[in-house]
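Me: I have a structure open and would like to learn how to read its features one at a time. Could you walk me through some?

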Amino acid sequence: MNKNRKPKLAVWKFASCDGCQLSLLNCEDELLTVAGKVEIAYFPEASSAVVKGPYDLSLVEGSVTTQHDAARIQKIRKVSKVLVTIGACATAGGIQTLRNFKNVNEFISIVYASPKYIETLDKSTSIASHVHVDFELQGCPINKRQLLEVLGAFLYGRKPNVPAYSVCIECKRRGTVCVMVAQGIPCLGPVTHAGCNAICPAYNRGCYSCYGPMETPNTASLSSWFAHLGVKEENLVRSFRSFYGYSEPFRKESEAHENKDRR
Amino acid sequence: MKNKTIKVDYLARVEGEGALYVKIKDNSLTDVKLKIFEPPRFFEAFLQGRNYSEAPDITARICGICPIAYQMSAVHAMEDAFGVTVDGQLRALRRLIYCGEWIESHALHVYMLHAPDFLGYTDAIQMAKDHPALVQRGLQLKKAGNEIVAFLGGREIHPINVRVGGFYKVPAKRELEPLAERLKWARDAALETVRWTATLDFPDFEQDYEFVALCHPGEYPFNEGRLVSNKGLDISVRDYDDSFVEEHVPYSNALHSIIKGRGAYFVGPLARYNLNFNRLSPMTQEAAHSAGLSYVCNNPFQSIIVRSVEILYACDEALRIIDQYERPDKPSVQVQPRAGTGYGCTEAPRGILYHRYSTDDNGVIIDAKIVPPTSQNQKTIENDLWQFIPKYLDLPSEKLTLQCEQAIRNYDPCISCATHFLKLYVNRE
């Protein structure tokens with residue numbers, strides 16, 4: 001490919017911890033190869049150079065939490081041929097969505113001495129709730145191997161091969177004995193999207209769903225299993241309300257149990 | 001005129017990142033503002049009502065670059081609240097995982113974020129075209145740090161194995177052997193890094209700072225110690241709130257922290273080095289001296305050397321811990337929550353990170369306070385610019401911008417991306 005025709009890559013940041021874009025820099029063995037295949041046109045975490053758009057591929061990290069960012073994502077969509085969201089914040093609003101269940105003004109006064117200086121929306125929202133997204137890569141943080149798969153798929157014009165099945169499949173592949181069945185440890189693995197290689201059960205703890213809901217999760221069934229294990233309703237609500245708490249299946253499940261608590 | 005300038009600043013915010021605002025009038029500097037526009041994320045607020053055991057997983061999400069620092073400050077604060085002591089090999093493993101974070105974070109900063117300033121490139125990828133071996137060494141050094149974090153923590157970013165009381169799972173000694181092999185290479189590479197950074201050109205810029213760091217009687221500080229400064233501060237972590245206070249300035253979403261009655265202070269590698277030189281390992285002290293550093297360094301531009309010295313120390317310390325490691329009987333000690341308040345302060349790569357939590361009888365968090373290093377350094381960064389810019393007023397705006405960016409990157413602000421997006425507005429009247 002002619003050097004001048006390398007596809008232009010842009011990496012954008014909204015409200016987030018920077019961890020998902022760091023995943024790209026953490027590809028220590030592959031970074032320079034990637035940099036040889038695409039033109040890194042906009043990636044402020046790594047470079048002070050800015051090449052003007054339009055961009056062939058935009059990776060977007062972080063959630064929309066300010067009026068200004070809501071406008072900015074529209075502009076980014078316009079200058080991006082393909083837009084891929086990376087991580088829990090961008091795909092589901094992230095841990096910031098814990099505010100969505102409360103009154104944000106209360107939050108502001110807890111953290112800041114002079115709330116009048118702070119501008120924020122009352123909800124943290126995913127990128128897809130604002131603009132069309134071509135592909136969503138889940139995870140808190142995303143897995144760098146999956147990120148390379150997405151980049152490779154883009155370069156070759158094919159669909160990324162990122163499985164939508166649950167963490168349970170990864171546990172079976174890894175040969176990890178089920179922590180819920182064998183040890184009675186509550187585990188969100190059965191409803192959680194694969195991708196991390198089922199790390200938590202391999203380290204003797206239950207999955208806490210930092211990859212969010214799998215395709216068609218049966219959350220109600222898992223909740224009843226949690227009840228068998230003696231998990232209290234308030235703990236169940238909290239389990240579903242973390243990094244993917246505002247994704248539809250998790251939000252509905254947590255709200256169902258929150259209401260039960262009140263009755 | 002002033003109002004007009006503020007409007008320009010809002011445009012900078014449209015780009016959603018940090019900015020620097022500098023005003024020059026009649027050839028003299030009249031205003032400096034470092035603005036941080038990272039949208040607020042309210043961690044302290046939504047920690048309320050969560051269980052103590054969730055704090056390490058949740059606070060890790062404050063920062064993808066230094067999640068271990070957040071986890072370590074959180075677990076130490078909770079253990080302080082519950083009267084739990086973690087010692088022996090579990091304590092050593094906590095130092096080991098922190099070594100990993102220092103290596104990966106410092107190597108990222110030294111090679112990929114700061115070195116391009118000194119060598120005149122926009123980024124490490126451009127730098128790699130002329131200096132491929134150099135960038136490869138940086139990447140592999142960073143990888144060595146990440147391997148420690150990934151092995152002990154489960155993954156590099158937001159590790160999953162840290163808990164209040166210890167770990168979920170601890171390794172067998174033989175499992176650490178491959179890490180040791182890698183670290184021996186890394187220690188050599190770190191020594192090369194110290195030698196190389198010492199050859200860079202540094203502006204002549206020394207200031208009379210108040211440095212603040214943890215001090216431990218026998219060790220270079222990671223997780224424990226008293227809070228000490230070169231100007232007389234010497235307090236226990238529990239008394240942090242008596243000496244430090246955060247101010248909310250209108251132009252920044254990050255709070256400014258000051259020492260009560262005295263003002264700005266300086267945390268991070270330079271502070272640790274200046275207050276703890278004698279506790280570095282002998283080979284690290286020797287390397288620092290060979291690089292021309294004395295046991296005190298007051299030039300923030302030389303922080304790139306000091307950071308390299310700390311990479312070397314972390315490699316050396318990690319090897320020492322692995323060498324003396326024996327698998328503990330249990331991966332964690334028993335934790336019984338109780339109502340109370342706990343305090344934790346650890347040395348993130350960028351400086352002290354303070355956490356304070358109050359919990360109820362069941363260990364549910366009722367109040368949380370978190371002070372990251374970057375908010376503690378903000379005022380010192382601005383002070384540096386007040387002192388630094390007047391010497392370079394004659395430079396064209398573009399060059400002055402680069403100098404200012406470099407001065408800010410000396411501190412490796414945790415919003416390192418924000419300083420890379422930095423927009424400098426020079427208003428010459």
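Me: Where is A:Asp18 found?

Reply: A:Asp18 sits in the loop between strand S1 (8-13) and helix H1 (19-25) of chain A; helices (H or I, at least four residues) and strands (E, at least two) are DSSP runs, numbered from the N terminus. Phi of A:Asp18 is near 75 degrees, a positive value in a residue other than glycine. A word on conventions: this is a predicted model, where local features need pLDDT of at least 70 and side-chain atom pairs count only at pLDDT 80 or more, while totals for chains, interfaces and linings use all residues. Residues are numbered from 1 along each chain as its sequence is written, chains are lettered from A and ligands numbered from 1 in the order in which they are written, and side-chain values use heavy atoms, leaving out hydrogens and water.

Me: How do I read the packing of H10(A) and H11(A)?

Reply: Two packed helices are described by the angle between their axes and the distance between the axes. The axes are lines fitted to C-alpha atoms, for helices over the stretch in contact, and angles run from 0 to 180 degrees between N-to-C directions. Helix H10 (residues 219-228) and helix H11 (residues 233-240) of chain A pack at about 140 degrees, with axes 11 Å apart. That makes H10(A) oblique to H11(A); angles under 35 degrees count as roughly parallel, over 145 as roughly antiparallel, 65 to 115 as roughly perpendicular and the rest as oblique. A:Thr219, A:Ser223 and A:Phe226 of H10(A) make the contact with A:Leu236, A:Ser239 and A:Phe240 of H11(A) (contact means heavy atoms within 4.5 Å).

Me: And at what angle do H5(B) and H8(B) pack?

Reply: Helix H5 (residues 88-119) and helix H8 (residues 177-197) of chain B pack at about 30 degrees, their axes 13 Å apart. That makes H5(B) roughly parallel to H8(B). On the H5(B) side you will find B:Ile103, B:Val110, B:Tyr111, B:Ala115 and B:Leu119, which meet B:Leu183, B:Thr193, B:Trp196 and B:Thr197 of H8(B).

Me: How many salt bridges cross the interface of chain B and chain A?

Reply: Five are found there. The side chains of B:Glu54 and A:Arg238, for instance, meet in a salt bridge (2.6 Å, N to O). The contact takes 61 residues from chain B and 64 residues from chain A.

Terms used:
Salt bridge = Lys/Arg side-chain N within 4 Å of Asp/Glu carboxyl O.
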